[in-house]
Amino acid sequence: MTPEARDEFLDGLSPNALLSLPWLFELWAMAGHQLPPEGDWSTWVIMGGRGAGKTRAGAEWVRAQVEGATPMARGACRRVALVAETLEQAREVMVFGDSGLLACSPPDRRPHWIATRRLLQWPNGAEAQVFSAKDPERLRGPQFDAAWCDELAKWKYGEAAWDMLQFGLRLGQNPRAVVTTTPRNRKVLTRLLEDKRTVMTQAQTSANRANLAKVFLDNVLSRYANTRLARQELMGELLVDEPGALWRHADIEAAHAAPAFKPTRIVVAVDPPVTGHAGSDECGIVVAGVLAEGPPQLWRGIVLEDASIAGASPQKWAEATVDAFHRHKADRVIAEVNQGGDLVEQMLRQIDPSLPYRAVRASRGKVARAEPVAALYEQGRIVHRGHMPVLEGQMVQMCQQGYAGSGSPDRVDALVWALTDLVLEPASQFRTARVRSL
């Protein structure tokens, strides 16, 4: 609207209408994902990127269910379950958050928080009780006519908590649930989306740009553009595994969730490109360590950094490799020399003549080399310290039939060389020594 048209519209409103305007969500909502879909559904899944407005949509849906035409009038629902991964998250996000129920409610209809009962109580008598998905058994017994579940894909005991909630949704004429979540490939979410009674709306983070700091969007989009993490956390895509993928999304998420440790040995693995110009393949540089405790078959690896660079000259990738070596106080540099031969070592020693160095040559294809390393992830023996979105994006595209991505998976090659040296080769040598001793 032009300023003149906006002023004319506002001047024409009564004082009561003007005061009510901020609380009429249907006027401000993004119709594509924040307003309830039409039709006969039992679960509405609002799936979107970070900051896309999912929480606000969930809170406003609860408001629409419990509020009546006047502050004291009865609404469609009286008993609501608010379920988050933890009680703290339910309280801080769903109840007290910037887009939570208290912030979204007009003063004359704002519910009262009863901390001792973990309960919100509206002036008209409707109640919303807070639950933690970490304790599914607490959902056994209570009954509801509506539920709001936040970040379902993060719930550790997702299936158990969701199932217990379904048994409690048994009041009223049409008990329903709303799920607000960033997508993650979890069985509870994929099963829910396959249910014919489920409807889904989806949005990218950028859909809510009017309510987000511009610098935030600029920073995350430039840093994570075209990565697996951006597709999930910003675009709101549910990432499923490629057919025949060596690494599953769940394996990488488990590597992030595993506790970090201080490694007993660290290496920097480098997979240099054939050429060194703007159109060259990336130079894969990965720093990893190992916790060498117990027999080598039980050793655990940790990926410390993806220091890879693109379009770099031999001088630049050599400097980046040596810098990563000293920054992490590593024990050795391991370099694949199939393409560069002796030149690889020469470039590195020009920067640091005393650099501990080992050359490796690939005698098998990338997939054959990667499979044993991928198996370490399946066994839960690898930790990732921090997100490495480009590396992890290459990992999930490594398949039995080859690399499903574009270009060459140079970062994965470096990862494979590092973990082979740290974890696989010591185990192989230990087994060989035992066989010889027998």
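Arg 109 has a relative accessibility of 16% and therefore counts as buried, where buried means under 20% relative accessible area, exposed over 50%, and partly exposed in between (1.4 Å probe, protein chains only). The model is a predicted one, in which local features need pLDDT of at least 70 and side-chain atom pairs count only at pLDDT 80 or more, whereas totals for chains, interfaces and linings use all residues. Residues are numbered from 1 along each chain as its sequence is written, and side-chain values use heavy atoms, with hydrogens and water left out.

The side chain of Arg 109 forms a salt bridge with that of Glu 67, at 3.8 Å from N to O; a salt bridge is defined as a side-chain nitrogen of Lys or Arg within 4 Å of a carboxyl oxygen of Asp or Glu. The pair links distant parts of the chain, 42 residues apart. Arg 109 is in the loop between helix 6 (101-104) and strand 3 (112-114), and Glu 67 is in the loop between helix 4 (54-66) and strand 2 (79-84). Helices (H or I, at least four residues) and strands (E, at least two) are DSSP runs, numbered from the N terminus. Glu 67 also counts as buried, because its relative accessibility is 15%.

In total, the structure holds 26 salt bridges. Side chains of opposite charge can pair when their charged atoms come close. Another such pair is formed by Glu 137 and Arg 140, at 2.8 Å from N to O. Glu 137 is partly exposed at 47% relative accessibility, and Arg 140 is exposed at 52%. A further salt bridge joins the side chains of Arg 411 and Asp 306, at 2.5 Å from N to O. Arg 411 lies in helix 16 (residues 410-437) and Asp 306 in strand 11, so this pair ties together parts that are 105 residues apart in sequence. Arg 411 and Asp 306 are both buried.

Two strands pair if DSSP finds at least two bridges between them. Asp 306 in strand 11 stands opposite Val 286.

Strand 2 is largely enclosed by the rest of the structure, because 5 of its 6 residues are buried. Strand 2 runs parallel to strand 5 (residues 127-132), to which 6 bridges join it, and Ala 84 stands opposite Ser 132 in strand 5. Strand 2 also pairs in the parallel sense with strand 6 (residues 146-150), over 4 bridges. Here Val 80 stands opposite Ala 146.

Thr 180 lies in strand 7 (residues 176-181) and is buried, with a relative accessible area of 0%. Among the residues that Thr 180 touches are Ile 46, Lys 54, Gly 58 and Trp 148, where contact means heavy atoms within 4.5 Å. The side chain of Thr 180 makes a polar contact with the side chain of Trp 148 at 3.0 Å. A polar contact is a pair of N or O atoms within 3.5 Å; within protein, one must be able to donate a hydrogen and the other to accept it, and residues adjacent in sequence count only if both atoms are side-chain atoms.

Key
Lists of a residue's contacts leave out its neighbours within four places in sequence.
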